[in-house]
Amino acid sequence: MALKAREAKLVQYLNEAYGKEKQLETALQAHISMTQQRTYKRRLQQHLQETKAHARGVERRIRELGGSAETISVPGPDVVQEAASRVQEVAQRGAALAKGPLHAVRGTGEQEKLLKNAKTEFSNEAEEIANYTALETLAESVGDRDTAKLARGIRREEERMASFLQRLIPQLTRAVAQAEIPASERDGGARRRSTSGSRGTTRRRTTARSRSTARTGASTRRSAARRTTASRQSPRAGGRSRGRSRRTARATSPSR
Ligand SMILES: [Fe+2]
């Protein structure tokens with residue numbers, strides 16, 4: 001039986017949200033398997049549980065409104081609409097399945113992969129926030145308090161995840177810089193190099209140490225320490241001394 005326009009529109013938005021949640025389950029699982037850093041991994045695992053709960057909540061609401069998950073039923077040519085939504089569903093699933101392994105091979109180094117994943121996760125959260133903002137507003141517009149409440153609750157969790165990622169992205173970026181760019185080239189290193197004499201040995205030694213730091217992973221606390229170090233080192237101080245960059249590398253090395 002065809003739904004009325006009100007329910008059909010609600011079910012459509014719920015289904016769009018549902019499709020995205022199911023797609024993210026796959027992506028999050030792939031990202032979890034690639035992440036070693038404990039705080040980040042734990043947050044991803046937590047958000048995977050949240051994501052599954054969101055899908056369940058949305059699916060339940062779709063049924064309560066007389067619809068069915070992943071099938072958008074609107075007044076009019078139901079057969080065509082259902083076929084179209086099935087095609088969309090299959091395409092979405094295919095895309096998510098294809099993206100999982102794709103995410104596992106992209107990027108150059110470990111840190112770069114983690115950063116790319118975090119950026120993807122952030123854009124996914126933004127899309128979900130948009131989905132639930134539209135759903136909440138639609139529900140309010142047609143007086144559906146239950147759907148509005150559900151959308152609001154989920155949106156808040158997506159916002160918390162987005163905010164976690166926004167704080168994480170600078171940390172991951174600093175880890176990329178440390179892993180891939182020799183210390184002598186960071187913080188105004190270009191100027192330093194152009195005026196340098198024979199310091200190849202020092203640069204190599206510092207780089208090796210930076211790489212070992214990157215391999216063992218960086219905790220939030222260490223990243224904070226690095227941030228403090230970075231803010232102490234103004235770009236102008238770049239050309240001052242090589243001893244300083246060695247001290248910096250030691251200060252940011254993990255203690256374990
Ligand atoms: Fe979600």
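Student: What makes the crossing of α1 and α4 left-handed?

Tutor: In this predicted model, α1 passes α4 in a left-handed crossing. The word applies because the near helix is turned anticlockwise from the far one by less than a right angle.

Student: Why are α1 and α4 called roughly antiparallel?

Tutor: Start with the angle: α1 and α4, which covers residues 110–141, pack at about 165 degrees, their axes 10 Å apart. Angles over 145 degrees count as roughly antiparallel, so α1 and α4 are described that way.

Student: Which residues of α1 and α4 meet?

Tutor: On the α1 side they include Leu10, Tyr13, Leu14, Ala17 and Leu24. Among their counterparts in α4 are Tyr132, Ala134, Leu135 and Leu138. Charged residues take part too, including Lys9, Glu16 and Lys20 in α1 and Lys113 and Glu121 in α4. By class, this contact has eleven nonpolar, four polar and seven charged residues.

Student: And α1 with α2: how do you know that they are roughly antiparallel?

Tutor: Helix α1 (residues 5–34) and helix α2 (residues 38–64) pack at an angle of about 155 degrees, with 9 Å between their axes. The cut-off is over 145 degrees, and therefore α1 and α2 also count as roughly antiparallel. Twelve nonpolar, seven polar and seven charged residues make up their contact. As for handedness, α1 and α2 cross in a left-handed way.

Student: How do you know that the span of α5 agrees with its number of residues?

Tutor: Helix α5 runs through residues 145–180, which is 36 residues. At 1.5 Å a residue it should span 52 Å, and its end C-alpha atoms are 51 Å apart, so the two agree.

Student: Where does α5 bend, and which proline follows?

Tutor: The bend is at Leu168 and comes to about 30 degrees. Pro170 is the proline that follows within four residues.

Technical notes
Residues numbered from 1 in each chain as written. Predicted model: local features only at pLDDT ≥ 70, side-chain atom pairs only at ≥ 80, totals over all residues. Helix = DSSP H or I, 4+ residues; strand = E, 2+ residues; numbered from the N terminus. Expected span 1.5 Å × (residues − 1). Bend = angle between axes of the 7 residues up to and from the residue. Axes fitted to C-alpha atoms, helices over the stretch in contact; angles between N-to-C directions. Parallel < 35°, antiparallel > 145°, perpendicular 65-115°, else oblique. Contact = placed C-beta atoms within 7 Å.
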